[in-house]
Amino acid sequence: HQPTLALVALACLAPSFVALGDVIVVDDSGGGDFTYIQGAIQAASDGDVVLVKPGDYADFLIDGKSVAVVAATLGTVTSSGGAVILDLAAGQEVLLSGLVLRGHELALEHGLSVKNCAGAVRLEACTFQGIARLPGDPKGTSYSGATVEGSAAVSFEGCTLLGGPGAIGTFPCSSGTAQGAGAALAIGGSSVAIHGSSVAGG
């Protein structure tokens, strides 16, 4: 933990997120408490802030824990494989801020997946992008920028949501009319608010 960075992290937080714990610093060059986001999340307690320094990181999962994952510098933290948030109980909350999350064929294909959350999920100033399906893939359309299922209170503030491009015989799609493009946002049985965000299907 690096208390000197606490004010930086707290200044980045959305007003609705109450940080009661420590600041855990992630730096893929080795200058923080962890070099990868998942390790910091696993070590975090409810109310902790995971402050991520610029870099390209692997996918991560937040399962039933109140935590904020915040980019130290807006738009400089990318995750290839996206993020999954699931099983938040009522009263728990998660904040993601300033991250660029892209799907990956070897991990989560969507940029973000939120599932079965009774607690609040707030996404602020993030980019979520799904990937294209390979040509001839029988599963259908490309992947969504974000998916939300069975969740009570999810909000996107100042975010960019991009569906995966459609496949037309080459990968990635480079010319012609895309077929089977992914949705920017797929919602099922959930309450979702979108403010000041850019939403575009593939």
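## A walk through the predicted model

Start by selecting Phe-128, which is buried at a relative accessible area of 0%. Keep in mind along the way that this is a predicted model.

Turn the view until you can see both rings. The count of aromatic pairs comes to 1. The ring centres of Phe-128 and Phe-156 sit 5.9 Å apart with the planes at 85 degrees, so this is an edge-to-face pair. Colour the strands next: Phe-128 belongs to strand E10 (residues 127-129) and Phe-156 to strand E12 (residues 153-157), so the pair ties together parts 28 residues apart in sequence.

Next stop, the cysteines. Select Cys-126, buried at 2% relative accessibility. Which cysteine sulfur is closest to that of Cys-126? Show Cys-159: its sulfur is the closest one, at 5.0 Å, which is too far for a bond, given that a disulfide needs the sulfurs within 2.5 Å. Searching the whole structure turns up 0 disulfides. While you're at it, click on Cys-117, which is buried too, with a relative accessible area of 1%.

Last, jump to His-110, in the loop between strand E7 (99-102) and strand E8 (112-115). Is His-110 buried or exposed? His-110 counts as buried, at 17% relative accessibility. Draw a distance from a polar atom of the His-110 side chain to the backbone nitrogen of Ser-144 and you'll get 3.1 Å. Then show what surrounds the histidine: leaving aside neighbours within four places in sequence, His-110 is in contact with Gly-81, Gly-82, Gly-103, Gln-129, Gly-130, Tyr-143, Ser-144, Gly-145 and Thr-147.

Key:
Residues are numbered from 1 along each chain as its sequence is written. This is a predicted model: local features need pLDDT of at least 70, side-chain atom pairs count only at pLDDT 80 or more; totals for chains, interfaces and linings use all residues. Side-chain values use heavy atoms; hydrogens and water are left out. Rings of Phe, Tyr and Trp (its six-membered ring) pair if their centres lie within 6.5 Å; planes under 30 degrees apart count as stacked, over 60 as edge-to-face and the rest as tilted. Helices (H or I, at least four residues) and strands (E, at least two) are DSSP runs, numbered from the N terminus. Buried means under 20% relative accessible area, exposed over 50%, partly exposed in between (1.4 Å probe, protein chains only). A polar contact is a pair of N or O atoms within 3.5 Å; within protein, one must be able to donate a hydrogen and the other to accept it, and residues adjacent in sequence count only if both atoms are side-chain atoms. Contact means heavy atoms within 4.5 Å.
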